[in-house]
Amino acid sequence: MIMLDCGLSISSVLNFLPLPLVQSPKFQCLPNWNCRDSDIQLEDGEIKECCGCAFVNSAPEFVPPLEKLIDFSEIDVILISNYTNMLALPYITEGTGFCGTVYATEPTLQIGRFFLEELVEYIEASPKESTARMWKEIQHQLPMPLNDVFKPKNWRHLFSMDAVNKSLARVRMTGYDQKLDIFGALQVTPISSGFCLGSSNWTIVSGQEKISYISGSSTLTTHPRPINQTALKYSDVVIMTGLTQAPHVNPDAMLGELCMNVMMTLRNGGSVLIPCYPSGVVYDLFECLSVSLDNQGFTQIPMFFISPVADSSLAYSNILAEWLSTSKQNKVYIPDEPFPHASLVKNAKLKHFKHIDSEGFSTEFRQPCVVFCGHPSLRFGDAVHFVELWGSNPLHTIIFTEPDFPHMQALAPYQPLAIKTVYCPIETSLNFQQANKLIKELKPGVLVIPENYTQPPAIAPQKLDLVIDPIPDKMIIKFKRGEVIKLPLKRKRGRVYLNPKMAKAIVPQEVQPGVTVSTVTGVLQVKDNIHDLLPLEPTKEELAEEHKAKPTGPPQQYSQLRNVRYEWGTLDINLLLKKLAQEGFSDLKVEQGSAEEVTLLLPSEDTVIKVSEKSTEIVCGGKQSLRLKLRDLLLQCVQSF
C-alpha cells in the first residue's frame, strides 16, 4: 500500500484561545460561556467568549489523518512531495504498528524537521494547566463557531519531540529523477515540482502503466528548481492536488502591495508584523523587502526573524545549491551566497533570534521595524506577543501572507483591535489557469482531482474560470474527503528479464516476410515481483536430488524440456486427412462449416475433431489413448521449430 503525503490539518487550532508566552490579562478576563441546560456542567472556564465568538480554553488540538479509513500498519511506502505535506508523519508512524518506508528529498526532510521542531516548541513553551474535554459532548449546544466544527472527537494533542525524531529517522532521502524500486512491483521517481526547496511530484510506474502524482507545483520563477513537466507526460492516470488556496489573487501583485504597505507604515512611524513559517516564501520576502527598504531610504530599519529554528533555517538554505533555480545556482559558483539574507545577516540588517526572550534581543530590538515570526495562526509562538503588544496602536500594521488561515478568524480572539490589518496572500502553487494549461500539455489518460476543483470557490461563486476544465474524450474522477475511489487502471502486460546467456543462443527464424520468431525455453523465476527467465540448468541441490533418485543420466525434467518443440501456423487439413487414412480411420467424414471451420467425424470411434482458425478441439468417447494419438497426428500437420 502506498500513501501519498501526510499533511496535518492545523485549521482546528483557530477554535482555541491563543497561548501567550506569559499570562495575558486580556484572555483571563474573557467571560465564560455556560450552557443553559443546568444538567450539563462544563469545567470552569472551558469555553470563553470574545466579540460574539466562542473559543476553547485549552491546549490546541490538531486534525490527524483519518486512521479509521485505513490501517497504518499496512502501509508499505509513504511518498512525501514537500515539507508542508509531512507534518502528520508522527501520527502515522508512531504507535500504529507502521513498518514501512518514507521517501523524501533532503530539503524536504531537513526543512520538514524545522517545521515540526518549531511547532512542538511553540506548544510546549506555553503549557495549559488543564485540558478541556466536556465541550465535545455538547457540541450541538455550543455557540458559533464551535457548534459547526468537523468531528472534534477525532482531534488530538500534538506529538512530542521524541515522536518527531523517531518518525523522521524512518525517512530515506532521495534525489530528483532517482528511480526507487518498491518490492519489484513498482518503480517510483521524485520529479522537481518548482514549488519550494526540494519539492517533488512523483511518478509511479508498474510495467507498462504510469501514474503521476502532482502536488504543490509551480510554474513561476522563484528560488526552487523549476518544474519538470516532461517526466509527467502521457500518464495513464494523473492525480492532481495542492492547487492555490488564493486563486483570485496574483502573487506578484500581492508582493508589490506588501512592500507598499510596509513602506507606508514605516513612514508613519509604525512597525510591521508578518506572521510566517520558518522557510519558504519568507526567503523571497527578505529579498524583496530589503531591496524596497534600500530604494525608499529605510536602510537603517531593522528586520527581525524570530523562530526556534531561525538560525538553522537561514544557514541551511544557503547550502542547497543543487535544489535551487539556475540563477541561484550560478551565484554559488561565483562564489556568492544564493540568498541575499546571508549578506543581510552579516550587515546586521536582518537579525534572527530563537525567541523574544533570547539573549541579546531586548538590546537589539528597536522600533520602527519589520518582524517576521510565527505562527501564522496567531494561536501560539512569538506572534501572539506582538499582536498583544501592538494591537491597540493604529500606527502599526499586521500583514498576512500565508493563505492557510482566514486572517479575520486568526484575529478573532484578540478583538477589538486598532492595528491596521492587511491580507496579501502570496501563494506560488498552480492556479486554475496554469493547471488547465499543464493538463493539456501532459495529456493524461484519466485525471483524478478533489471535487471542489470543479466548483468556483465560495468567496467568488461567479468566477467560473476558477475550476478545472473538462477534458474532451477523457475521464475525470472527482473525490471527497474520506471517499474511497477505484482507478480505472489494469495491468495489461508484464516485464520479463531474459538471461544474457539465453539471449546469445537465440536464432530467429522468418515465419513470414518481415516477421521473425524464435523459441525460448527456460525456467521462469519470480522473486520480489521481478520475473527472470533463466537457462535450463539445474542447481547443485537439484542435481544432488536427481542423483539420489536416479544415479545415472541427466536430470529427467530438464532433458524433457530441452526436447520441447513449438508449433505455429495454420493446420493443413489435407495432410491431416491423408495421415488419418494411413492410420486406418476409413469411415472418416468431413463437414465444412463456415469458411474458417471444418469438422471431422470418426463414427466408429465416437470422435469429433473441430478445426477453426484459432483453435483445434478433439472430443473422444472416453478414450485417452486415442485422443493422444490424434493429437500427435495433428501436431505433424502444422509447422514447428
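In what order do the 7 strands of the open sheet with mixed pairing run? The order is β7-β8-β9-β10-β11-β18-β19. This is a predicted model, where local features need pLDDT of at least 70 and side-chain atom pairs count only at pLDDT 80 or more, while totals for chains, interfaces and linings use all residues. Residues are numbered from 1 along each chain as its sequence is written, and side-chain values use heavy atoms, leaving out hydrogens and water.

**The two sheets**

A few terms first. Strands (E, at least two residues) and helices (H or I, at least four) are DSSP runs numbered from the N terminus, and two strands pair if DSSP finds at least two bridges between them. Angles run from 0 to 180 degrees between N-to-C directions, using axes fitted to C-alpha atoms, for helices over the stretch in contact.

Helix α13 (residues 432–442) lies across β10 (209–214), β11 and β18, and runs at about 165° to β11; contact here means heavy atoms within 4.5 Å.

Another open sheet has 6 strands with parallel pairing, in the order β14-β13-β15-β12-β16-β17. Its edges are β14 (350–353) and β17 (420–423), and the twist averages 20° from one strand to the next.

| Strands | Sense | Bridges | Facing residues |
|---|---|---|---|
| β13 (residues 303–306) and β15 (residues 370–373) | parallel | 4 bridges | Phe305 and Phe372 |

**A helix pair**

Now for α3 (residues 106–125) and α4 (residues 161–168): they pack at about 170°, with axes 10 Å apart. That makes α3 roughly antiparallel to α4, a label for angles over 145 degrees. In the contact, Leu109, Arg113, Leu116, Glu117, Val120 and Glu124 of α3 meet Met161, Val164, Asn165 and Leu168 of α4. Those residues split into 6 nonpolar, 1 polar and 3 charged. Nonpolar covers Ala, Val, Leu, Ile, Met, Phe, Trp, Tyr, Cys and Pro; charged covers Asp, Glu, Lys and Arg; the others, Gly among them, are polar.

**An aromatic link**

The whole structure holds 16 aromatic pairs, meaning rings of Phe, Tyr and Trp (its six-membered ring) with centres within 6.5 Å. In one of them, Tyr91 and Phe159 have ring centres 4.9 Å apart and planes at 65°, so the pair is edge-to-face, the label for planes over 60 degrees apart. Tyr91 sits in helix α2 (residues 89–93) and Phe159 in the loop between α3 and α4, so the pair ties together parts 68 residues apart in sequence.

Note on methods
Parallel < 35°, antiparallel > 145°, perpendicular 65-115°, else oblique. Phe/Tyr/Trp six-rings, centres within 6.5 Å; stacked < 30°, edge-to-face > 60°.
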